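Please look over the sequence and the 3D structure below before reading the report.

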Amino acid sequence: FTSAILEIPSGALADYWSRKKLLVIAPIIKAFCFIIWIFAKGNIYLYGLGFLFWSIGNTFLSGTSEALLYDHIVYYDKKEEYEKILGEKKFYLYIGNAISGILGGIIAYYSLEWTLIFSIIPLLLSSIFASFIKEVPKIQSTEKIHYIEHIKETYKEIRKNSKLFYLILYSIWISIFRNLEEFDQLYYKLINVPLFYFGFLSTIYFGFYAIGSKYAHKLKDMNWIFVLFPLLSWIFLILVGVFPSIPMILFLMFSYFIASILRTLNDAKIQHSIKSQSRATVTSVGSLFLNLFGIIFVILAWIMSKIWNLETIYTGTWIFLLI
């Protein structure tokens, strides 16, 4: 809910003020999440307060980083390479997650508190690295417009730009994988995967995402994959739900691999389709709908698991993938 409320205001702030400065501030805010968790000691309210800072930090990043990257791509005349560069960005993000999956598992084995302490360090480093970024001129920023005008301009663009509207809709439904992932550890528990291997499986998961993102640009001209790949994932996830077992984890990972390609290419298409200078705000609108859909999906999934069972969450994804 915090993310949903702050998405558009933070995007407009990035367009009106400074994308670079938001990238410097965001990791520091997010670091407070882990600092609070160190002292939470199982207190659910402090745990929730930590997530509040997590969400604020995330919203400052969501529309901002994509807009800043696209500004740089255009400024240095590499617009045609955007899919490749975006894939590289996501590749390093997921490789970082993969490494942390292994290290986190090892560190947590000795002390959960140390995993929180070590999580603060890369966030502070991120803030330092962001301070060295050269902020290039914003795309089409021929005049300075008021903060509120960025929100109004975004509404007009999404209403008139049908291609952008449908790309945002597509990103919402394909985000099913981002939400489905929240239930994977319960699935591992269901099929009796030893707890020690959870970190290892998360590393494989992020590895699949990293590879898919890195090489997604090679498929950027094959528009048919936007129809075929969701249907293919549909088949994989039905198998995962109907035959819960350790071998089915491979099909689950293949689904995430497919999703990483689609998400990278669709994110690139969204950036190419934005015509106004409120780039970060438009991107944040997409993130807003992703967060709202995430809330709805988690509630639906919880209800499905109560009425039927956990596996139904995976088999039930066919509705979203068909849309």
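The report below goes from the whole protein to some of its residues.

## Basis of the report

This is a predicted model, in which local features need pLDDT of at least 70 and side-chain atom pairs count only at pLDDT 80 or more, while totals for chains, interfaces and linings use all residues. Residues are numbered from 1 along each chain as its sequence is written, and side-chain values use heavy atoms, with hydrogens and water left out.

## Overall build

The protein has 15 helices and zero strands. Helices (H or I, at least four residues) and strands (E, at least two) are DSSP runs, numbered from the N terminus. Along the principal axes, the C-alpha atoms fill a box of roughly 60 × 50 × 35 Å. A compact globule of 323 residues would have a radius of gyration near 20 Å, and the protein agrees with this because its own value is 20 Å. The radius of gyration is taken over C-alpha atoms, and the globule rule is 2.2 Å times the number of residues to the power 0.38.

Contact means heavy atoms within 4.5 Å. Among contacts between residues at least 6 apart in sequence, 82% join residues at least 24 apart.

## Surface and charge

Of the 323 residues, 48% count as buried. Buried means under 20% relative accessible area, exposed means over 50%, and partly exposed is in between (1.4 Å probe, protein chains only). The protein exposes about 16900 Å², and carbon and sulfur atoms supply 71% of that area. Accessible areas come from the Shrake-Rupley method with a 1.4 Å probe; for residues, only the protein chains shown count as cover.

There are 28 positive and 21 negative side chains, and the centres of the two sets lie 2 Å apart. Lys and Arg count as positive and Asp and Glu as negative, while His and the chain ends are not counted. The place of a charge is taken as NZ of Lys, CZ of Arg, CG of Asp or CD of Glu.

T64 lies in helix α3, which covers residues 44-75. T64 counts as buried because its relative accessible area is 0%. Leaving out residues up to four places away in sequence, T64 touches A14, R19, L22, L23 and A280.

S65 counts as buried because its relative accessible area is 18%. With residues up to four places away in sequence left out, S65 touches L23 and K89. The side chains of S65 and K89 make a polar contact at 3.5 Å. A polar contact is a pair of N or O atoms within 3.5 Å; within protein, one must be able to donate a hydrogen and the other to accept it, and residues adjacent in sequence count only if both atoms are side-chain atoms.

## L239 in helix α11

L239 is part of helix α11 (residues 225-242). L239 counts as partly exposed because its relative accessibility is 27%. Apart from neighbours within four places in sequence, L239 is in contact with M248 and F251. L239 and Y314 are 75 residues apart in sequence, and their C-alpha atoms are 8.8 Å apart in space.

## Two loop residues with positive phi

Most residues other than glycine have a negative phi. K41, which is not a glycine, has a positive phi near 50 degrees. K41 lies in the loop between α2 (19-40) and α3, and is exposed, with a relative accessible area of 65%.

N192 is not a glycine either, and its phi is positive at about 65 degrees. N192 sits in the loop between α9 (184-190) and α10 (198-215). N192 counts as exposed because its relative accessible area is 64%.
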